[in-house]
Amino acid sequence: MKKLGLGVLGLGEGRSIISAGVHSPLWEVVALCDLNLELGRERCAEFGLVPELFTNSLDALLANAAVDVIGIYTPDHLHADHVIKALQAGKHVICTKPFIDHLGRAREVLDVAQRSGKRVFVGQSSRFFAPFTRQRQHFETGVIGELNSVEAYYNADHRWFLEKGWAKTDAFKWLYGGLSHPVDFIRWYLPDVEEVMGYARLSENGRKLGLVHPDTFHFIYRAASGRIARVSGTYTSPVVPCSRDSNMSCILRGSLGASQGDYYDLRYAWKTDTQSVVETFEDQDAHYFRFGGHSHHAGEYQNYIEYVARCLAAGTAPKPDVAEGIVTVALMQAMDEAANSGGPVKVRDVLARHGLESLAGEGKP
């Protein structure tokens with residue numbers, strides 16, 4: 001398989017995909033782009049790339065014939081504009097989550113994607129982390145039987161993230177920037193979520209640190225199938241020690257068994273009527289976490305860009321794609337509205353207000 005040329009836009013959050021591209025036999029990092037010249041030089045030196053690969057011009061990146069795919073890792077509120085420009089330039093797109101931060105430009109993004117003939121992949125990286133990949137295999141092969149409910153959560157002490165100036169503006173919401181991980185787990189298993197309700201609040205820590213929007217969330221969902229789910233997250237408070245709680249988990253409860261994938265522990269536990277098993281993936285720690293501690297989870301990024309490469313070679317759409325990504329954003333927008341109103345909100349109603357009702361249910365296998 002011929003290596004694909006990867007151009008990375010946004011070199012702060014893009015650090016992981018640079019590492020992924022450098023280490024993958026299916027990719028070649030051919031261009032880096034950021035407004036920060038010092039960061040550009042730093043990334044080139046860190047990954048042994050020649051300085052000539054860096055540019056601070058988006059136009060130059062888009063015009064680079066060596067770039068087959070642009071990885072977009074810019075602040076959330078810039079994603080729609082950058083996705084559109086990359087597609088119009090004839091590039092495939094990998095965009096980190098959240099795909100876009102509201103539905104205002106969703107129709108435009110969808111139309112441009114459909115006209116371009118290029119692929120768009122939403123980088124929901126947690127799907128590509130070993131415990132959750134194993135959990136999905138069990139689900140698809142019927143080990144836990146018929147799914148009854150899903151629970152997912154992501155709690156993290158991300159006070160450090162607020163050093164980024166844009167995180168304290170109206171453009172940034174933890175609902176999209178953090179909770180999108182466990183929300184994607186729910187969508188992965190319940191693509192037909194039709195209604196959501198719940199609450200959100202801005203914590204004392206978040207208020208003191210200058211956050212504009214809530215950082216604490218609890219929501220419940222109902223799917224068209226009748227199945228139910230819940231999701232929660234906190235982002236500017238201390239967390240329970242990892243020895244007690246993984247901080248990010250997905251729990252499936254089925255007719256024949258139950259399973260739990262744990263992020264930071266690289267652990268997967270499952271139980272049926274006849275057996276109870278705990279599997280660990282500690283031997284893969286160096287693959288997933290490469291930059292000291294458990295930060296910048298580059299292994300997931302390498303797993304997903306290699307998945308994208310195989311899909312492009314086969315002429316198939318990598319998932320989640322643009323349509324599924326938009327419906328996930330609609331679900332998060334419904335959650336935002338539910339928290340503000342105190343009542344349930346239907347996802348289809350949110351989509352309909354933006355002329356996107358035909359996408360309801362996107363994400364079904």
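Is Asp-157 buried, partly exposed or exposed?

Modeller: Asp-157 is partly exposed, with a relative accessible area of 29%; here buried means under 20% relative accessible area, exposed over 50%, and partly exposed in between, with a 1.4 Å probe and protein chains only. The model is predicted: local features need pLDDT of at least 70, side-chain atom pairs count only at pLDDT 80 or more, and totals for chains, interfaces and linings use all residues. Residues are numbered from 1 along each chain as its sequence is written, and side-chain values use heavy atoms, with hydrogens and water left out.

The partner of Asp-157 is Arg-159, and the closest N and O atoms of this salt bridge are 2.7 Å apart. A salt bridge is a side-chain nitrogen of Lys or Arg within 4 Å of a carboxyl oxygen of Asp or Glu. Arg-159 also counts as partly exposed, at 32% relative accessibility. By the salt-bridge rule, the count comes to 23.

Among these, Arg-105 and Glu-108 meet through their side chains at 3.1 Å, N to O. Arg-105 is partly exposed at 29% relative accessible area, and Glu-108 is partly exposed at 36%.

A further salt bridge links the side chains of Arg-267 and Asp-265 at 3.7 Å, N to O. Here Arg-267 is partly exposed, at 26% relative accessibility, whereas Asp-265 counts as buried, at 18%.
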